[in-house]
Amino acid sequence: MKSKNIFKKNQQGWNWLVYLFPALFFYVIFMAFPLLDSLRLSLYTGNVGQGRTFVGLENFKKLFFDPIISERYWGAFANTWYFFLIHFLFQNCLGILFAVILTNQTMKGRQIYQTIIFIPTTFAVLVTGYLWKLLLNPVWAGDFLVRIGLPFLKQPWLGNTTTALTCVALVSCWQWMGIPTMMFVAALRNISEDCLQAAQLEGANSWQVFWKIKLPLIRPVVGMIAVLTFVNNFNAFDVVFAMENVNGAPGYSTDLIGTLFYRYGIAGQHPIGIPDPGLGAAIATITFFILLVGVIPTLKKTQGGE
């Protein structure tokens, strides 16, 4: 009887696998297998129509040492880090600031402001990109800026190599500001009021309450948002495609790893226009390990319970 009871308990303990199996199946088919196949493909050159040839690490050597390809890769690599830095400083820092303001009990109309901040997130990226492309165009919006007394803003922002990437990144920050803001709001509202009141009774001001109590308590959320920002920015493509083009105009100043991967691995680099999936897979493989190296320490640092 005891052995039968133990068997039934063990059987019940593994019943959760039945519910996990469908999700695991789709994850393996659409996520794990393509990832492993991309690692394999990075060791080949050519495409399906022309035939593929095993070249080992030759694709990685091209990315690092070929005079033309390496220049494009390192340029896109630097631009991607700059793109991420702007998001981290503006999107996430302003998100915390807005969240602190929105969780202030004395503030009126909080729901209205929350809606205003979150509305851009509901727009399609292509629509947002094209609209801002028109607004930043001196030909289309220049007369309006002059009429309202802002003639100094009548500049070819997207046509200047020194300002194009910054404008694209700020537009992306504006659109996605609502997500980290709402996550920070939810985290701040979960902080016990007793803890905050105790700090106020001890004489702590608002600045000290934020740095000593609120920020340490929402550290796991801060870490998660940092990871999401890091991963999303290193895979960014659509906003550059909408506001500039896949060639990273002007003069490759807005070229990101995502657009570089598209040109080499899918569309083919101008002027030849013949895609090389192996080279594209090599770019994706390096990006995967960069994300792995950046994400794991961040999660360990911020998600550990104390």
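This report walks through a predicted protein model, from its confidence scores to its cores, its surface and its salt bridges.

**How to read the model**

Residues are numbered from 1 along each chain as its sequence is written, and side-chain values use heavy atoms, with hydrogens and water left out. As this is a predicted model, local features need pLDDT of at least 70 and side-chain atom pairs count only at pLDDT 80 or more, while totals for chains, interfaces and linings use all residues.

The score pLDDT is the predictor's confidence in each residue, from 0 to 100. Across the protein it averages 88, and 92% of the residues score at least 70. Helices here are DSSP runs (H or I, at least four residues), numbered from the N terminus. Confidence is lowest in helix H1 (residues 2–13), with a mean of 53, and highest in helix H8 (residues 164–176), at 96.

**Inside the protein**

Let's look at the nonpolar cores. A nonpolar core is a set of buried Ala, Val, Leu, Ile, Met, Phe, Trp, Tyr and Cys residues joined through side-chain atoms within 4.5 Å. Buried means under 20% relative accessible area, exposed means over 50%, and partly exposed is in between (1.4 Å probe, protein chains only).

Which residues touch the most other members of the largest nonpolar core? They are Leu63, Tyr73, Phe230, Ile283 and Ile290, out of 20 residues in that core. Helices H3 (58–65), H4 (67–102), H12 (219–234), H14 (257–267) and H15 (277–303) each supply at least two of its residues. H15 gives the largest share, 7 residues.

Take Ile283 as an example. Leaving aside neighbours within four places in sequence, Ile283 is in contact (heavy atoms within 4.5 Å) with Leu63, Tyr73, Ile257, Leu260, Phe261 and Tyr264. There is also a second, separate core of 17 residues, including Leu196, Ala199, Phe210 and Ile213.

**On the surface**

Now for the outside. Patches are made of residues with over 30% relative accessible area and no salt bridge; like charges are joined within 9 Å, and nonpolar side chains (Val, Leu, Ile, Met, Phe, Trp, Tyr) within 5 Å. Accessible areas come from the Shrake-Rupley method with a 1.4 Å probe, and for residues only the protein chains shown count as cover.

One nonpolar surface patch has about 1,200 Å² of accessible area together, and its members include Trp16, Phe21, Tyr27, Ile29 and Met31. Ile29 is found in helix H2 (residues 16–41). Ile29 counts as partly exposed because its relative accessibility is 40%.

Val146 lies elsewhere, in helix H7 (residues 138–147), and is partly exposed at 43% relative accessibility. Not counting residues up to four places away in sequence, Val146 touches Pro151 and Lys154. The C-alpha atoms of Val146 and Tyr27 are separated by 54 Å, and these residues are 119 residues apart along the chain.

**Salt bridges**

A salt bridge is a side-chain nitrogen of Lys or Arg within 4 Å of a carboxyl oxygen of Asp or Glu. A search of the whole structure finds 3 of them.

| Pair | N to O distance |
|---|---|
| Asp37 and Arg40 | 2.8 Å |
| Arg72 and Glu71 | 3.9 Å |
| Asp255 and Arg263 | 2.9 Å |

Asp37 and Arg40 both lie in helix H2, 3 residues apart, which is about one turn of the helix. Are these two buried or partly exposed? Asp37 is partly exposed at 26% relative accessibility, and Arg40 is partly exposed at 37%. Arg72 is buried, with a relative accessible area of 16%. Asp255 is buried at 1%, and Arg263 also counts as buried at 1%.
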